[in-house]
Structure formats: C-alpha cells, structure tokens
Amino acid sequence: MPTFLPPARLTRAVLTSVAGLLSTGLIWSATPAHAVPDQPATPAASAATWANRATDAYRALQRELYQGADDHGLYLERTPKQDADRDHSYLWPMREAAAAAVDMSRLPRRGAAYRDDAAERFDTIELYFGDGERPGYQSYLPAPLGTGGDVYYDDNAVVGLSELDQYELTGSPIYLKRAEQIVPIVSRAWDTDDSLTCPGGMDWYDSPNNVYRATNVTALSAQLAARLYERTRNADYLAKAEQWYGWVYTCMRQAPGLYDNDRNDDGSTNPTLWSYNSGAMIGTATSLFRSTGDRSYLANAVEDARSSLAYWTQGTRLHDQPAIFNAFYFKDLLELDAIRGNRDFLIAMSDYAAATYASNRDPATGLYRFQPSGGGDYDPDAPAETLEQSAMIQIFATLAVATPH
C-alpha cells in the first residue's frame, strides 16, 4: 500500500512512479472535475442505485478475477493476466476482496446472499499466514501454494481491521481472535532506536534492511488497537493506540489532515500525501474518542476531516488518488460522520463514486480501469485489478448503506 519499492511487488511498484508527480503537484493542475459542490443538496444517486452498482461490480470481480473454490478461493492479481504476474494475487488485493464481501454483506435486503462469500474470503486469507519465529501474514502465499514473501506490517494491520469488520457483522469470536493475534505482529514494527530523529514510529516491513518508518503502518496499527480497545477494554490496546497515534500526529503531520508518507532513518521525510493516511488518522481519533470520551481526540478528528476534505476535493486530487486509498478515506470520514455529522462527507464520497462510475467503468465487462497508479483517467489498455475493482465495490456498497433510503 505505501509508495516505496519492494522486491517483486508490481502493484506497489507502480505507485512509486506517481509519487514524485503527486508530491510536486504536477498531476493536480487539470480542470476541476470532482470537487464538492459549494452547497450540497443530495447525494449523486439513490441508495438503490448504489446497491445495484455494487452488485454489478461484485459480479464482474467474481466472473473475471475470482479463481474459484476449487483453486482455494484465490484471485488473480489482474485481468488479462500479465506475463510477470504470479499464479494468484498478493495479500493486499486478497484482503480488499474480503473487505468487499463484508461490505456486500451489509446491503439492505440482499446482504445475506454474500455472507458465505465473506466467510470464504477470510478462510482464504489464512493461506497467506506464515509461522515461525517471526510469524505474520506474508505478502505472497507461502508453501505449498507459493514461495512466500515479506511480512509487510501495513498489510497485517489492514487484515486485522477487516477481521474486526467481519466480527462486528457476524459476532463470530474467531474473527476477533484473529484480529487480536495481529497486534503482537505489528507491535514488532515499533522502532526503539532513540538515536533517530523523532524516535519511534513503525517499520514498513519485517527486515533488517528496512529504513522507513511509515505513516500508514503506524496509523493503521493505531486504528486496529483503538478499535480492539473498544471491543475488549484491554488497557494494553489503548496504550498502544495512543502511543502509535501520537507519533504520527507529532512527527508526520504536515498540516491538519495531511501527513507525510514516511520518515527515513537518516532523518529525511517523504512529503508525498495519500488520502488513506488522512483517513487512518481520522478513524483512529474517532475510535479513541468513542472509547475514552476524550474530546481532544474528537477535536483532532474534526479538524483533520474538514481540512483534508478541503484539500482532497480540490481539482482532480481525489480522482488521481488510487481508488483503494479513497475507499479507506471515505469510510473513515463516515465513521466520524456518525458522531459529528457533516453532510459534506457523504456528498464528496457520492460525487467521487458517480464520477468514477461514469468515467472508469468498462460497460462491456463491468470492470474498472485506471492508470497504473490505481487512479486517474480510464485506460482501455490497462488490465483491471482485483485491488481497484474491490475498492469500487466497497465504495458503492458503503454508499448504499449510508445514503438515506
């Protein structure tokens, strides 16, 4: 999910190619197309329309990218399959397919039809787990289905967040247990070298070669710990959530709602902005307020939400972000909206979804095609990816629930 270049990871790799453009603003100068209206009235479509669009996108995902129960319930990374692609997707797209099934399970009047799918997705995610002295969900399938991969701590954090979503939907304790088992994994990422500039922060992946302390890992892990505290009242989770959230807020905040991407161990920072980093900090502060009643967290969440929305809805900034990052961001805005209502959040999400449906959907297949970054304009020659197709399902299904019926 980050912008760094990991070994043999094509989806992550292409994000690096746009990082420089994003940081310099070179792809933000197009004519505004996705700005929030000055005086929002109603969402761009009805709840029923969003549900239909979610269903259409989900069917396309299952038809074009799902490899079937006989193939362990796995997915292709993209279609058409590219020469360099592995037999199955990496962990991150698999997690997003699971998150999409959870969101489909919430649809009014039709969600029950997707609950078995969601359960299967989470069983499949377990195929990516590697045991040993340093266990964790690996970036690619370990033996016997694959050659394994590094443990990326951001991947593990978001798997935990989806396990919690599934637990809250079903009440099955197995999902809560799995989410809790991820906390010791991501806790390994906390950097204890006090000689570093702005000590603390969480390493991006599990390797002695890692030199990045990443906003996404630290904020997403804080969000996981905060939500677990809400469910369990385990004080250790609260302490971790506050420590991890505090580091990002203190060391990575570029402006309200906007957070530098990472801090190198040499002291330098990568100022690239991504919408999901904004979202993770809003979501964490919202969760901490819900569980502690500390209004300073609510104030932080409100300030970050308002300021980040003003930033991201300028010009084509949201349009140019990877769709999956926007799915994270919008969901976190709606978490805050449930506590401190702001109609602009739902309007911005609705406008983005409507524009993307109109501009990025292939009507012949129902698949969404973007630039190699995972966002931007429709590219008819680009393969469709499990990652971004799942993002659009999540956005449409979330809107189907959130839009007034």
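N216 counts as buried, at 1% relative accessibility; buried means under 20% relative accessible area, exposed over 50%, and partly exposed in between, with a 1.4 Å probe and protein chains only. The model is predicted, so local features need pLDDT of at least 70 and side-chain atom pairs count only at pLDDT 80 or more, while totals for chains, interfaces and linings use all residues. Residues are numbered from 1 along each chain as its sequence is written, and side-chain values use heavy atoms, leaving out hydrogens and water.

The protein chain averages a pLDDT of 91, and 90% of the residues score at least 70; pLDDT is the predictor's confidence in each residue, from 0 to 100. Over residues 1-40 the pLDDT is below 50, although this stretch has 100 contacts in the model beyond near neighbours in sequence. A contact means heavy atoms within 4.5 Å. Where pLDDT is low, the predicted coordinates should not be read in detail.

The protein chain has 14 helices and 11 strands. Both are DSSP runs numbered from the N terminus, helices being H or I over at least four residues and strands being E over at least two. Of the 405 residues, 61% count as buried. Among contacts between residues at least 6 apart in sequence, 66% join residues at least 24 apart.

N216 belongs to helix α7, and its side chain makes a polar contact with the side chain of Y276 at 2.8 Å. A polar contact is a pair of N or O atoms within 3.5 Å; within protein, one must be able to donate a hydrogen and the other to accept it, and residues adjacent in sequence count only if both atoms are side-chain atoms. Helix α7 covers residues 215-232 and lies across β4 and β7, running at about 40 degrees to β4. The axes behind this angle are lines fitted to C-alpha atoms, for helices over the stretch in contact, and angles run from 0 to 180 degrees between N-to-C directions.

Strands β4 and β7 belong to an open sheet of 3 strands in the order β4-β7-β8, with antiparallel pairing. The edges are taken by β4 (212-214) and β8 (269-270), each with a single partner strand, so one side of each has no neighbour in the sheet. Two strands pair if DSSP finds at least two bridges between them. Strand β7 (residues 262-264) and β8 pair in the antiparallel sense over 2 bridges, and R263 stands opposite T269 in β8.

Helix α7 also has a link to helix α9. E230 forms a salt bridge with R290, the closest N and O atoms being 2.8 Å apart. Because E230 lies in helix α7 and R290 in helix α9 (residues 275-292), the pair ties together parts that are 60 residues apart in sequence. A salt bridge is a side-chain nitrogen of Lys or Arg within 4 Å of a carboxyl oxygen of Asp or Glu. E230 is partly exposed at 23% relative accessibility, and R290 is partly exposed at 34%. S287, in helix α9, is buried with a relative accessible area of 1%. The side chain of S287 makes a polar contact with the side chain of E230 at 2.5 Å. Leaving aside neighbours within four places in sequence, S287 is in contact with A226, R227 and E230. R227 is also part of a network of salt bridges that links it with D165, E168 and R231.

The structure holds 20 salt bridges. One of them joins D85 and R78, with the closest N and O atoms 3.0 Å apart; D85 is buried at 10% relative accessibility and R78 is buried at 17%. The side chains of R369 and D362 meet in another, at 3.5 Å from N to O, and both residues are buried.

Some backbone features remain. Most residues other than glycine have a negative phi, and most peptide bonds are trans. The peptide bond from T79 to P80 is cis, with omega near -5 degrees, and P80 lies in the loop between β1 (78-79) and α3. A cis peptide bond also joins A143 and P144, with omega about 10 degrees; P144 lies in the loop between β3 (136-137) and α5 (153-170). C198 is not a glycine but has a positive phi of about 55 degrees; it sits in the loop between α6 (173-187) and β4. R233, with phi near 60 degrees, lies in the loop between α7 and α8 (235-251) and is partly exposed at 46% relative accessibility.
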